[in-house]
Amino acid sequence: MTQKYQEIRIVLHDRIRTLRKKSHITQEKMARRLGISRRTYANYERGIHAMPVEVLVCIADIFGTSLDYLAGRDMPPEQEMSESEEFYDRTCKNRDYYRENLQNR
C-alpha cells in the first residue's frame with residue numbers, strides 16, 4: 001500500500017467518524033441506514049476493511065457532502081480553480097497518481 005493511499009484512507013475514516021459523531025448518530029444507526037451490520041460498519045470506520053464505493057456514496061449522501069470531501073480532496077469555498085495555481089498543480093498530481101495506479105491494477 002502506498003503512502004498516498006494510506007493517507008487517503010486515514011482522512012476518509014477520520015472524516016466519516018467525525019461527521020457521524022457530530023450528527024449524534026450511533027454506529028448501529030449508520031449500519032441500519034446503509035443496510036449492513038454494525039460490525040461491518042465499525043470495521044469500515046476503523047479502516048479494517050475497505051468500503052465499497054456504493055457505501056461511500058451512501059455515506060456522502062447521508063451527511064450531505066461529497067466524496068472529495070470525505071477523501072480529503074476538498075477545496076476551501078472561497079478558492080476558485082482559475083485563481084489558484086497551487087490547486088491546479090495538486091489536482092494534476094492527484095489525477096496522474098490515480099491514472100498510474102488504476103493502470104497498474
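Visitor: What does relative accessibility say about aspartate 68?

Guide: At 41% relative accessibility, aspartate 68 counts as partly exposed. Here buried is under 20% relative accessible area, exposed is over 50%, and partly exposed lies in between, with a 1.4 Å probe and protein chains only. This is a predicted model, where local features need pLDDT of at least 70, side-chain atom pairs count only at pLDDT 80 or more, and totals for chains, interfaces and linings use all residues. Residues are numbered from 1 along each chain as its sequence is written, and side-chain values use heavy atoms, leaving out hydrogens and water.

Visitor: Which side chain meets aspartate 68 in a salt bridge?

Guide: Arginine 73 does, at 3.9 Å, N to O. A salt bridge means a side-chain nitrogen of Lys or Arg within 4 Å of a carboxyl oxygen of Asp or Glu.

Visitor: How many salt bridges are there in the whole structure?

Guide: The search finds three. One of them joins the side chains of arginine 20 and glutamate 45 at 2.7 Å, N to O. Arginine 20 lies in helix H1 and glutamate 45 in helix H3, so the pair ties together parts 25 residues apart in sequence. Helices are DSSP runs of H or I with at least four residues, numbered from the N terminus.

Visitor: And are those two buried or exposed?

Guide: Arginine 20 and glutamate 45 are both buried. Another salt bridge pairs glutamate 28 with arginine 32, at 3.9 Å, N to O. Arginine 32 is exposed, with a relative accessible area of 58%.

Visitor: Switching topic: which residues of H4 are buried?

Guide: In H4 (residues 53–63) they are Val55, Leu56, Ile59, Ala60 and Phe63. Viewed down the helix axis, these buried residues fall within an arc of 135 degrees, so they line one face of H4. That arc is taken from the directions from the axis to the C-beta atoms.

Visitor: What sits on the face turned away from that buried side?

Guide: That face of H4 carries the exposed residues Val53, Glu54 and Asp61.

Visitor: What covers the buried residues of H4?

Guide: The cover includes helices H1 (3–22), H2 (27–34), H3 (38–46) and H5 (67–70). Contact here means heavy atoms within 4.5 Å.

Visitor: How many residues has the largest nonpolar core?

Guide: The core has 16 residues, and Met30 and Ile59 are among those with the most contacts inside it. H4 supplies its largest share, five residues. A nonpolar core is a set of buried Ala, Val, Leu, Ile, Met, Phe, Trp, Tyr and Cys residues joined through side-chain atoms within 4.5 Å.

Notes: Helices (H or I, at least four residues) and strands (E, at least two) are DSSP runs, numbered from the N terminus.
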